[in-house]
Amino acid sequence: MRNTPVILTHDLTKSYGTVMAVHGLNLSVEPNRITAFLGQNGAGKSTTIKMLLGMIRPTCGEGTVLGKRIANAEENREMRRKVAYVAENKPLYSYMTVEQTVRFASSFYSDWRADVATKLLSEYRLPNKRKVKSLSKGMRTKLALLLAFARRPELLILDEPSEGLDPVGIEHLLQTLVAQSADGVSIFFSSHQIAEVERVADHVCILDNGRLLVNASLDRLLQSYRRIDLAFRFPPPEQEFRIAGVERIRISGNALSILASMNAEAVVERAHDLNAVSVEVAPVGLRDIFLETVKEN
Amino acid sequence: MFFKLNPTTGQPLYLQLMQQIRHAAETGALQDGEQLPGIRTLAEELVVSPNTVAKAYSELEHEGILELRQGSGAFLTLKRRTRSLTDHVQVARRRLRELIEQLREHGLMDEEIRRAFEAELLYPAEVVRK
């Protein structure tokens, strides 16, 4: 079992003219985990993934995937044998049938698992004889995912895998991710859907405007973020609460609402010292953490 | 046993799972020696990362509530220590019930009592640990 990062980048940057698509990315993705690459549309997620796979050249910086340097053509070929990748636009040959597509793909990969392909074909209810061009968007996505899941890669890289799937399709996708992870496959998937990330991710990387803002275990994020609502008998001494870890303070009359990314205990202690008449501490979900992080940027 | 995890509450899923297993053990819904589903099985059933189940199981093993046997799964072990903890919880519940009754007699609303509890719970935890 690998115990070095499956993805590691140093100062990875891509600019198009004056536009910085990805800015000085220092990413480290640990093995045997499900890592979510979370960001809004246009945050730079696809650009990053394409650089990792050697499909576009970084402006500067460097990186490795499974220990292979991304800019080295020979190492890149070796890496691609052990990485299954599903692109955002799910490219497939439209003139082939589902059956032909699966057989075609199976001939390229030495790690192909015919049993898994058969199982997923029936689970995803894909019509064997239909041509790819006549499939719905959701079915195309399922077929593209199947081609990646039917291999036994070391690392799965999925770019917006749930795009175009209905709720049942998303449920199937998440179940398959969990099963792949249980098989020991490391997973790196990009998404802008909080609801799927907070269910299956072990680790969360938040990208915004090409910059990596958060790179932490989801459990640790949830355990350190707190919302603290305070009430006083007088106008709240806001300045007293500007301490490390306090991300945002809102005031309404004698009430104070604080969002802390850490140090919640210190805020509560200070509130007691300042004779707050009410102190409420509540956990904060990933949705609020994400929205707050992106807003601050 | 049925477990139900809610990802939107902001509470880590492994902690939710731990609490539900502990609760099931305290109430007797899970019996001493009973086998829990394997990590993979439970992860697929709950659609959570296998690491989430593994972390909950391993923490519960650390607490002495679960025994993990190589290759054969996780078993509930209500050792004497755990049983006495269960008793403590029962006693605590009775005392809390009395306290809450008193506070209600003093005219406090349930909502105010709940807030007071939550505020106090976070504050002194650090002090007690020291």
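This is a predicted model: local features need pLDDT of at least 70, side-chain atom pairs count only at pLDDT 80 or more; totals for chains, interfaces and linings use all residues.

Q: Which domains does the domain assignment of chain A give?
A: The bounds come from an automatic or database assignment. For chain A, that assignment gives domain 1 (7-218) and domain 2 (225-296).

Q: How far apart do the C-alpha centres of domain 1 of chain A and domain 2 of chain A lie?
A: Take domain 1 of chain A and domain 2 of chain A as the assignment gives them, 7-218 and 225-296. Their C-alpha centres lie 38 Å apart.

Q: What gives the largest share of the side of domain 1 of chain A that touches domain 2 of chain A?
A: The contact between the two takes 10 residues from domain 1 of chain A and 5 residues from domain 2 of chain A. On the domain 1 side, helix H7 (194-200), strand S10 (203-208) and strand S11 (211-217) of chain A each supply at least two residues. By class, that side has 7 nonpolar, 1 polar and 2 charged residues. The largest share, 3 residues, comes from H7(A).

Q: In what order do the strands of the open sheet of 4 strands in chain A come?
A: Start at the edges: strand S13 (246-252) and strand S15 (278-283) of chain A each pair on one side only. Another 6 bridges join S12(A) to S15(A). With antiparallel pairing, the order is S13-S14-S12-S15.

Q: Which residue of S15(A) is the bridge partner of Ala231(A)?
A: S12(A) and S15(A) run antiparallel. Ala231(A) belongs to the uncovered face of S12(A), together with Arg227(A) and Asp229(A). Over in S15(A), its bridge partner is Ser278(A).

Q: Which residues make up the covered face of S12(A)?
A: In a regular strand the side chains alternate between the two faces of the sheet. In S12(A), Arg227(A), Asp229(A) and Ala231(A) make up the uncovered face. The covered face has Arg226(A), Ile228(A) and Leu230(A).

Q: Why do H5(A) and H6(A) count as roughly parallel to each other?
A: Helix H5 (residues 137-149) and helix H6 (residues 167-182) of chain A pack with their axes 11 Å apart, at an angle of about 5 degrees. Angles under 35 degrees count as roughly parallel. That's why H5(A) and H6(A) are roughly parallel to each other.

Q: How many nonpolar, polar and charged residues does the contact of H5(A) with H6(A) have?
A: From H5(A), Gly138(A), Lys142(A), Leu145(A) and Phe149(A) meet Gly169(A), Leu173(A), Thr176(A) and Gln180(A) in H6(A). Gly counts as polar here. By class, the contact has 3 nonpolar, 4 polar and 1 charged residues.

Q: Which helix gives the most to the side of chain B that touches chain A?
A: In all, 21 residues of chain B are in contact with 27 residues of chain A. Helix H2 (39-46), helix H3 (50-62) and helix H5 (110-129) of chain B each supply at least two residues of the chain B side. With 6 residues, the one that gives the most is H5(B).

Notes. Residues are numbered from 1 along each chain as its sequence is written. Chains are lettered from A and ligands numbered from 1 in the order in which they are written. Two strands pair if DSSP finds at least two bridges between them. Two residues are in contact if their C-beta atoms, placed from the backbone, lie within 7 Å. A residue is buried if 20 or more other C-beta atoms lie within 10 Å of its own, exposed if 12 or fewer, and partly exposed in between; C-beta atoms are placed from the backbone. Axes are lines fitted to C-alpha atoms, for helices over the stretch in contact, and angles run from 0 to 180 degrees between N-to-C directions. Angles under 35 degrees count as roughly parallel, over 145 as roughly antiparallel, 65 to 115 as roughly perpendicular and the rest as oblique.
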